[in-house]
Amino acid sequence: MPWSRNPELQTIAITTTAHATTSAANRSTAPAVMDFKTPTITAYPVPTETTRPVPRTILPMPSGSAYSGVSAVQRCINPACAREYGVDRVLVACPGCQSLLDVVYHWPKSHGLSFDRFTHRSLTTGPRSAAGVTTGPGATPAALDFSGVWRFRDLLPFFRDEREIVTIGEGRTNLQRADQLAKHIGFDVNTSGPGTLYLQYEGFNPSGSFKDNGMAAGFTHAAMVGATRVACASTGNTSASLAVYGAITGKQVYVFIGDGKIAYGKLSQALDYGAITLQVAGDFDACLARVKHIAENMPQAGVYLMNSVNPFRLEGQKTIMYRVLEGLDWRIPDWIVVPGGNLGNCSAFGKAFIELFELGLITKVPRLAVIQAKGARTLDRCVNDLGLGWLNRNPTRERGVADALSSGSLLTGDFPREQLKAEYLRMDAANERAHTIATAIEINRPVNLPKALRALHAMNGVVRSVDDHCILEHKALVGRTGFGCEPASAASVAGARQLLKEGVIKPHETVVCILTGHVLKDPDATVRYHMGDEQEHSFGIPLGRVANRPIRVPDELGAILAAMSIPT
Ligand SMILES: [Zn+2]
């Protein structure tokens with residue numbers, strides 16, 4: 001049932017549709033276009049793993065701070081601006097040009113980082129508890145090492161002191177080999193080759209979705225700057241994650257939810273965790289524009305914005321990739337396949353691999369596939385129909401990591417601003433709105449689209465979209481062969497299958513699909529799929545092909561055994 005039937009929620013009206021990305025799209029400096037339909041490896045040359053040995057030495061932590069010699073700043077991604085701001089600033093966009101911000105680190109050349117350090121931390125013992133609850137002593141080393149985010153804290157060292165770090169035990173997620181599913185969708189798992197499908201179950205996070213990775217980092221930054229009120233616009237998972245972190249750390253939480261669809265599992269979390277939940281008469285994009293305006297232009301409100309325009313959120317989401325590598329014993333897969341909504345995840349993944357490469361921790365970068373829903377395919381349209389792409393202006397990478405870092409690194413670049421602005425104007429004129437049963441990715445104006453273009457560039461990526469029917473069928477397959485997932489998550493598996501059919505992904509390759517949310521996030525969609533609930537016709541989706549309907553039987557032993565296919 002639609003959540004908006006709940007009369008208890010507060011409702012406010014939004015009649016205009018301000019858009020978060022228009023200001024960023026007002027500048028044009030980049031007429032060239034990159035065609036991602038025919039990506040070239042030479043655009044991001046990937047050396048073989050044998051060209052440079054991966055450092056494997058465990059080095060002792062520097063005395064005093066584990067991060068001495070490292071500095072962090074917020075930097076505008078627009079190369080024509082490139083202003084830098086301290087990490088103690090609360091910014092939702094570059095004050096100079098309104099572009100997105102990155103958190104950028106300057107590591108010393110002799111940084112001493114190695115993957116073994118992170119492996120070693122997984123063995124840490126000692127007392128641990130949620131951190132950030134009070135202004136007390138902070139997280140114990142065991143609590144930080146228990147966290148699948150903060151075990152990798154050397155790779156997101158924006159905090160001044162480890163005692164500032166907020167953790168509720170996020171990031172303890174599974175990388176699961178999925179042979180049954182792989183066979184079903186066409187992987188070559190029976191050969192002697194290395195081809196393997198893995199599912200990264202981010203639904204095992206405390207609030208049931210990948211959002212907790214970023215929220216741990218966002219709340220750490222909020223603690224650094226003394227924020228007491230936090231807010232987000234949400235299709236559901238962000239609100240659940242924000243609400244649970246707010247509940248545990250004692251912050252006032254505001255959740256803006258559009259009048260479209262939100263899965264009941266997610267709404268129930270925000271309500272139960274005590275978030276002030278505003279049901280806004282507008283879509284997600286309108287909600288985000290409103291909350292961003294309040295955070296950015298009304299400092300007297302003191303509201304800290306926790307959407308993924310917040311660059312600190314994306315720092316936490318990088319760790320999903322670290323755990324994938326960790327799960328593969330630091331082997332690099334051929335492909336990372338991820339659903340695309342607001343595009344924070346794929347943006348974070350691209351940054352993670354750029355940084356690992358520039359640090360010399362990896363010598364190969366996996367390819368990226370971003371999978372959207374047909375009803376919300378803005379990135380797919382921009383990349384594949386309009387040919388928009390990242391315009392890297394500092395291709396100094398072949399000269400080595402040190403040169404790349406000193407010249408501004410692969411993070412530097414631009415995108416065709418005028419073309420994106422024109423596309424958004426066209427969408428407005430056509431009154432286009434996102435519509436998909438995969439509510440977590442029901443977003444028409446992904447705020448991180450420029451960073452997603454950067455990730456696609458860095459990871460030689462592709463974009464595809466799949467329809468709702470396809471998403472639900474693959475969700476059921478994931479459930480039948482594993483732990484299950486929410487609808488949006490299954491877009492990654494459906495997309496991997498499509499790319500296999502196209503020959504883009506090869507059957508012998510190693511592919512990791514990111515499952516972003518827990519199967520219990522959207523029980524309505526699951527039950528409707530299996531039961532063929534008539535309400536489902538509002539989505540135009542018939543009874544599922546692998547539906548598992550309950551069998552109605554009389555309370556009689558013979559009939560029950562017959563239904564169990566057990567001979568009497
Ligand atoms: Zn700027």
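Which residue takes a positive phi just after α10? Gly360 does, at about 80°.

## Overview

This is a predicted model. The protein has 568 residues, and 52% of them count as buried. It holds 18 helices and 14 strands.

## Helix α10

Helix α10 covers residues 344–358, which makes 15 residues. Its end C-alpha atoms are 21 Å apart. Why does that agree with expectation? At 1.5 Å a residue, the helix should span 21 Å, so the two values match.

The helix is mostly covered. Of its 15 residues, 15 are buried. A residue is called buried here if 20 or more other C-beta atoms lie within 10 Å of its own C-beta. An α-helix has 3.6 residues a turn, so residues three or four places apart point the same way. Just after α10 comes the positive phi of Gly360, about 80°.

Strand β14 runs over residues 510–515. Is β14 enclosed or open, and why? Five of its six residues are buried, so the rest of the structure largely encloses the strand.

β14 pairs with β6, which spans residues 196–201. The sense is parallel, and the pairing has six bridges.

## The three-stranded sheet

Another part of the model is an open sheet. Three strands form it, in the order β3-β2-β4, with antiparallel pairing. Which strands lie at the edges? They are β3 (84–86) and β4 (101–106), and each pairs on one side only. Neighbouring strands of this sheet are turned by 40° against each other on average, direction ignored.

Strand β2 covers residues 71–76. It pairs with β3 in the antiparallel sense, over three bridges. Which residue of β3 is the bridge partner of Gln74? Tyr85 takes that place.

## Summary

The β3-β2-β4 sheet is open and antiparallel.

Conventions. Residues are numbered from 1 along each chain as its sequence is written. This is a predicted model: local features need pLDDT of at least 70, side-chain atom pairs count only at pLDDT 80 or more; totals for chains, interfaces and linings use all residues. Helices (H or I, at least four residues) and strands (E, at least two) are DSSP runs, numbered from the N terminus. The expected span of a helix is 1.5 Å times one less than its number of residues. A residue is buried if 20 or more other C-beta atoms lie within 10 Å of its own, exposed if 12 or fewer, and partly exposed in between; C-beta atoms are placed from the backbone. Two strands pair if DSSP finds at least two bridges between them. Axes are lines fitted to C-alpha atoms, for helices over the stretch in contact, and angles run from 0 to 180 degrees between N-to-C directions.
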